[in-house]
Amino acid sequence: YASIGGGSPLRRITEQQAEALLRTLQTKFESAKNVSFNVYVGMRYWYPFTEEALEKIKSDGITRLVILPLYPQFSVSTSGSSLRLLETLLRDDPYLASIRHTVIPSWYNRVGYVESMADLIEEELKTAFKDDDVRGSANIFFSAHGVPRSYVEEAGDPYKEEMEASVSLIMSSLRRRGVMNKYTLAYQSRVGPVEWLTPYTDDVIRQLGEGGTDALLAVPISFVSEHIETLEEIDVEYRELAEESGITNWGRVPALNTNQRFIDDLALAVIEALPYADSLVNPGDFVSADGRQSLVPTGITVEDLVALYDNPSVYDKQPSAIEASIVSPGDKVPWYLDLGWTENAEKFNGRLAMLAILALIVVELATDRPVVNLAILPVINALM
């Protein structure tokens, strides 16, 4: 943390995003649609905790609630973990249980998100690489937060598919603008002994250097705010690795933070997701980047979303992703496959985090070096 100014800016930027979102909602929708808005920040592992946000929601007398995870792509280990907690908190409190709510599970394919990412990449290409030849040869390097491979292959986590779709949509936008650079997607921030999604960011940087790439533009694709994994892991560790690998020209696209086009699109997502949204705005006005008219099923609740992973679908009676992996009907789901959006996943996340922390403590005692201080927050972030 000393290398990034003594602390993470994540909370400050998240609160700035909330303030910007509220301003946009009030300016564009509040008076015209006779709807009063407020925005609350709730975090899974730090202040303000989700419980604090819900207490404020209760005290303010909120009657309708849109739950907006700040993860563009859904994963059981990020949005899923937070929604599992929300399910419990909403169910156990009589007032909260009475609030009509809806969830935006992911928003990776919204036009505003895709285009704002493409804007930042196009601008940074020009800023970081003044020479036309260098700019044209730069590899656009998307670095996403990794998740354990078992989540995707055994538990049906859509994260990898949504991440690949995100990159494809952003690159399609850039191609329409005449940006024809090569691009790469890799995954960072792995911890522990289990296999995570590949290819790994550090391995690919080495391979690109060995293959003659001399310019790289890093894009933090799964992060909408600057924090330790962009400011330290990408800006310091991966840049040093790139230089050691022979990549002499480096650039890094900033996180979206409070980019106005991004904030405007989040506001539209909120309006779309309100129950009976067609009475507030025309749903046909908002089209996702892959051509779908409505990103969010209107009125879907936390309980509905959790049920889609824990039980057969409440909509079409199809088996869940976990049940689909069982060959014989009626077979019990093994514990090692019950790692989707479930209580077992929460236990697994916690135990994996504790094992990683204990391993770091052992290393610190053996080497007399304070490695734990540098690693605890990335471990927690990786399992959010």
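Predicted model: local features only at pLDDT ≥ 70, side-chain atom pairs only at ≥ 80, totals over all residues.
Residues are numbered from 1 along each chain as its sequence is written, and side-chain values use heavy atoms, leaving out hydrogens and water.

Next I looked up the secondary structure and got 14 helices and six strands. These are DSSP runs numbered from the N terminus: helices are H or I with at least four residues, strands are E with at least two.

Then I went to Ser 106. I found Ser 106 in the loop between β2 (100–103) and α5 (111–128). Is Ser 106 buried or exposed? Ser 106 is buried, because its relative accessible area is 8%.

Last, I checked how α5 sits against helix α8 (residues 159–176). Their axes come within 9 Å and cross at roughly 60 degrees; axes here are lines fitted to C-alpha atoms over the stretch in contact, with angles from 0 to 180 degrees between N-to-C directions. So α5 is oblique to α8, oblique being what is left once under 35 degrees is called roughly parallel, over 145 roughly antiparallel and 65 to 115 roughly perpendicular. I listed the residues in contact (heavy atoms within 4.5 Å): α5 brings Val 114, Glu 115, Met 117, Ala 118, Ile 121 and Glu 122, and α8 brings Leu 169, Ile 170, Ser 173, Leu 174 and Arg 176.

Notes. Buried < 20%, exposed > 50% of the residue type's maximum accessible area, 1.4 Å probe, protein only.
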